[in-house]
Amino acid sequence: MQSDVQQAQLSSVLVLRASDNVAIARRALIPGQMVDGDIVAKSAIPAGHKISIRMIRLGEPVLRYGQIIGYATKDIEPGLHVHLHNMALGEFEKDYAFGAAAHQTDFVKTPATFLGIRRADGRAATRNYVGVLSSVNCSSHVANTVAEVFKRNPFTGADPLAEFPNVDGVVALTHKTGCGMTGGEPLNVLRRTLGGYARHVNFSHVIVLGLGCEVNQIGGLLEDQRLAGRVRSMDIQTMGGARKTTEAAVEFVRNVLQESNQVARQPIPASELIVGLQCGGSDGLSGVTANPALGAASDILVRHGGTVILSETPETFGAEHLLTRRALSREVGEKLIALMDWWDAYFKREGAVMNDNRSPGNMAGGISTIVEKSLGAMSKGGTTNLVDVVKYGENVKGPGLVFMDTPGYDPVSATGQVAGGANLICFTTGRGSVFGCKPTPSIKLASNTPMYERMKDDMDVNCGEILSGGETVEECGKRIFDLILRVASGERTKSEQFDFGADEFAPWVLGATV
């Protein structure tokens, strides 16, 4: 999908496939503007939105990326704006063709390297944090208070970690659940998420703080996730209150900082990178520039033996048949379809529809249906084989493209990827996201130049050069891959410079609140 954008076909618009009956406006079009020898814009069309390039009759499919993204709800003449007012989602047949497009991956003989941190157990870290986790919302304030003791003051410049230059920080990751919840899968998901973070390679040491009477008992968490001996734990009730717990936890952190600081970066093969792929605040250009460019970078990383995680299951709806064709086996493909069936039932049970996944910003940016959003979003995963499908927060094993079941909501989705082992996140955005994800660095990719220029302090890569012809999708993908290596080696991303990443921790909450 990402390599055959026919940019030269129309001067003011992009035609993504020869079979498409809509094109994408490179820039805002005004009524009467000639966009091709035979086509005149008959209405105002914002940048990133769709313009009809052929007659589309009532009930006929609207085609983008060579795929059906919806159906015309009225006759649409060439030159008209195509969006919510004249098209809608509809049903269409999908040919899953399990494994039909699977192919042998052309691995490079000598993988690229990055300067990473080699842990005692052999795993490769990209950052070096001390973590303070809460088992329940009731211990969140204490966890945050502990982390605040070690936070640099941006006004005075006082830095409690100044003598520990190899420690990236002390971070508290808190949440709003852990009690008032049912057991079974809701509790399993929370524990799997916390366990993934407690074991995360980017933490040198972790302490878990609880209240003492919560559903998510620390003892049960440690046993379920086999964390005994790996983390320190305390509960407020046993310790004698919030102040005593805070003092003891601060003392624990002070005692481990010297050991945490005893690391040195060394060359590590790129095959040990696990990159979570995210998109948020998408627009109509995300599926043309940033997402396919990230897909090109994903393909490069996989050829170097690395692993990429594609997620956001509701944002795969309508495009899942393209992933099943790339599945390494029928079993892998059927696991993805089973997830889609679960989500379909989940939406119906909650009285919602899959098309509700579009945000107001998505629609303002030109995305008309969830299928259109999905087709653009899945291009982040490149073109290599789908090697596995895993549960939320489940440990990811590569190499290759792995799909993880997550909601489309970015913080929840990325939290699951990091719990699964992602040691770097790449996040595309068209409207402008400011997402961070401690302890994992987050690279943000802008889909268009105006937003990139407006939000330079938050964006790491401008993929809008693809629109202007300044570079190809593949060239931008190579630039992203090079940045991945530099960030994995310690270069700080824009979100890290602004200290994002603690508040975005958001485990997936399932089940009833009781």
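Just after helix α11, glycine 421 adopts a positive phi of about 120°. Helices (H or I, at least four residues) and strands (E, at least two) are DSSP runs, numbered from the N terminus.

The model is predicted: local features need pLDDT of at least 70, side-chain atom pairs count only at pLDDT 80 or more, and totals for chains, interfaces and linings use all residues. Residues are numbered from 1 along each chain as its sequence is written, and side-chain values use heavy atoms, with hydrogens and water left out.

**A covered helix**

Helix α11 covers residues 410-419 and is mostly covered, since 10 of its 10 residues are buried. Buried means under 20% relative accessible area, exposed means over 50%, and partly exposed lies in between (1.4 Å probe, protein chains only). Among the buried residues of α11 are Asp410, Pro411, Ser413 and Gln417. The buried residues of this helix pack against α2 (185-198), β15 (274-279), β16, β18 and β19. Contact here means heavy atoms within 4.5 Å.

**The nonpolar cores**

A nonpolar core is a set of buried Ala, Val, Leu, Ile, Met, Phe, Trp, Tyr and Cys residues joined through side-chain atoms within 4.5 Å. The largest one has 77 residues, and Leu273, Val275 and Ile480 have the most contacts inside it. Helix α14 (residues 473-488) supplies the largest share of this core, with 9 residues. A second, separate core contains 33 residues, including Leu187, Val390, Ala414 and Cys437. Ala414 is also one of the buried residues of α11.

Which residues does isoleucine 480 touch, not counting residues up to four places away in sequence? Isoleucine 480 touches Ala293, Leu294, Ala297, Leu445, Val461 and Cys463.

**Backbone exceptions**

Most residues other than glycine have a negative phi, and most peptide bonds are trans. The chain departs from both patterns in places.

| Cis peptide bond | Omega |
|---|---|
| Glycine 398 to proline 399 | near 0° |
| Lysine 438 to proline 439 | near 5° |

Both prolines belong to loops: proline 399 lies between β17 (386-390) and β18 (400-404), and proline 439 is found between β19 (424-429) and β20 (442-446).

Alanine 97 has a phi near 40° and is found in the loop between β7 (87-88) and β8 (113-118). This alanine is partly exposed, with a relative accessible area of 22%. Glutamate 312 has a phi near 65°, and its place is in the loop between β16 (307-310) and α7 (320-324). Is glutamate 312 buried or exposed? Glutamate 312 is buried, with a relative accessible area of 1%.

**Two loop residues**

Alanine 327 is found in the loop between α7 and α8 (330-349). Its relative accessible area is 1%, and it is therefore buried. Leaving aside neighbours within four places in sequence, alanine 327 is in contact with Gly99, Ala102, Val332, Gly333 and Leu386. The C-alpha atoms of alanine 327 and tyrosine 96 are separated by 9.9 Å, although the two residues are 231 apart along the chain.

Valine 353 lies in the loop between α8 and α9 (360-364). This valine is partly exposed, with a relative accessible area of 47%. Between the C-alpha atoms of valine 353 and tryptophan 343 there is a separation of 9.9 Å, and these residues are 10 apart along the chain.

**The chain as a whole**

The chain has 15 helices and 21 strands. Its radius of gyration is 24 Å, close to the 24 Å that the globule rule gives for 514 residues, so the chain is as compact as a globular protein of that length. The radius of gyration is taken over C-alpha atoms, and the globule rule is 2.2 Å times the number of residues to the power 0.38. Taken along the principal axes, the C-alpha atoms fill a box of roughly 75 × 45 × 45 Å.

Buried residues make up 58% of the 514 residues. Of the contacts between residues at least 6 apart in sequence, 71% join residues at least 24 apart.
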